[in-house]
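We will go stop by stop. At each one, select first, then read.

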Amino acid sequence: MTIRLLAFCGSARKESCNRLLLAAAVTTARAAGAAVAELDLRSDLLPIYDGDLEAQHGLPAAALELKKLFAGHDGLLIASPEYNGFFSPLLKNALDWVSRPAPNMPSPYAGKAAGLLAASPGALGGIRCLPHLRLLLSNLGVTVSPTQLALGQADHAFAGDGSLADANQQKMLDKVVGDLIRLATAIRA
Ligand SMILES: Cc1cc2nc3c(=O)[nH]c(=O)nc-3n(C[C@H](O)[C@H](O)[C@H](O)COP(=O)(O)O)c2cc1C
């Protein structure tokens, strides 16, 4: 049984350290046998959630596409920057749009597992944003893996091949990914 993971990052920045951490996690997940789709949450993809817009026009096409994508995967692999102790508005906005109901569409969050990552040039690696993200996903019905990684000094953390230069940190990343795959497998079974 191949586990399907949807990987995305809460930063739109090209040089994003979260994007780099997510890429390392995706490499690990593919090596572990998961099928991984990479989603780019560009800032121009979705408008900021607006109930009037939804009432007048329904969900934007991009939100419907995201709902379908979420529904078609067993697990979410998410890396978020920390902004003032919280995860990013880009991420929150996408998760909010995906939570809105649409006719004849399956629940995008039901039966889903998630694994969480954060990266920051700071010492704490964005760890303060992860409990908030964990709570939001739990509210949506997602089972969030207890294993997570907050990567500090992320501007100096990567080797030339994209892996984590520190072997212990790479081991921790492997565990985050492995535990997510195991959790998604258990839920699907
Ligand atoms: C508005 C704002 C608030 C920030 N707050 C935090 C913070 O609370 N903790 C932290 O470690 N870094 C904070 N940073 C620095 C980010 O971690 C840094 O910009 C990081 O590179 C963003 O992630 P990215 O590289 O994936 O885009 C903040 C940055 C911005 C723009």
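Helices here are DSSP runs of H or I with at least four residues, strands are DSSP runs of E with at least two, and both are numbered from the N terminus. This is a predicted model: local features need pLDDT of at least 70, side-chain atom pairs count only at pLDDT 80 or more, and totals for chains, interfaces and linings use all residues. Residues are numbered from 1 along each chain as its sequence is written.

**Stop 1: two loop residues**

Select Q153. Q153 sits in the loop between β5 (143-151) and α6 (167-188). Look at its backbone. Q153 is not a glycine, yet its phi is positive, about 45 degrees. Most residues other than glycine have a negative phi.

Is Q153 buried, exposed or partly exposed? Count C-beta atoms, placed from the backbone, within 10 Å of the residue's own: 20 or more others means buried, 12 or fewer means exposed, and in between means partly exposed. Q153 has 14 other C-beta atoms within 10 Å, so Q153 is partly exposed.

Now select N104. N104 lies in the loop between α4 (89-99) and β4 (113-119). Its phi is positive too, near 60 degrees, and N104 is not a glycine. N104 counts as exposed because it has 4 C-beta neighbours inside 10 Å.

**Stop 2: the ligand**

How many residues surround the ligand? There are 15, and the closest are S16, N18, P81, S120 and G122. A residue counts as near if its C-beta atom, placed from the backbone, lies within 6 Å of the molecule.

Colour this shell by type. Ala, Val, Leu, Ile, Met, Phe, Trp, Tyr, Cys and Pro count as nonpolar; Asp, Glu, Lys and Arg count as charged; the others, Gly among them, count as polar. The shell has five nonpolar, eight polar and two charged residues.

**Stop 3: two packed helices**

Select α3 (residues 61-71) and α4 together. Two packed helices are described by the angle between their axes and the distance between the axes. For α3 and α4, the angle is about 80 degrees and the axes are 9 Å apart. The axes are lines fitted to C-alpha atoms over the stretch in contact, and angles run from 0 to 180 degrees between N-to-C directions. Angles under 35 degrees count as roughly parallel, over 145 as roughly antiparallel, 65 to 115 as roughly perpendicular and the rest as oblique. So α3 and α4 are roughly perpendicular to each other.

Which residues make the contact? From α3, pick A63, L66, K67 and F70; from α4, pick A94, W97 and V98. Six of the contact residues are nonpolar, none is polar and one is charged. Two residues are in contact if their C-beta atoms, placed from the backbone, lie within 7 Å.

Stay on α4. Its buried residues are L90, L91, A94, L95, W97 and V98. They cover an arc of only 160 degrees around the axis, so they lie on the same side of α4. That arc is taken from the directions running from the helix axis to the C-beta atoms. The buried residues of α4 pack against α3, β3 (75-80) and α5 (130-139).

**Stop 4: helix α6**

Select L180, which is in α6. L180 is buried, because 28 other C-beta atoms lie within 10 Å. Leave aside its neighbours within four places in sequence, and L180 is in contact with G75, L77, A113, G115 and S145.

D179 is partly exposed, with 16 other C-beta atoms within 10 Å. Not counting residues up to four places away in sequence, D179 touches G115, S145 and T147. The C-alpha atoms of D179 and S145 are separated by 6.9 Å.

**Stop 5: strand β2**

Finish with A37, in β2 (residues 35-39). A37 has 14 other C-beta atoms within 10 Å, so A37 is partly exposed. Which residues is A37 in contact with, leaving aside its neighbours within four places in sequence? Select L6 and H73 to see them.
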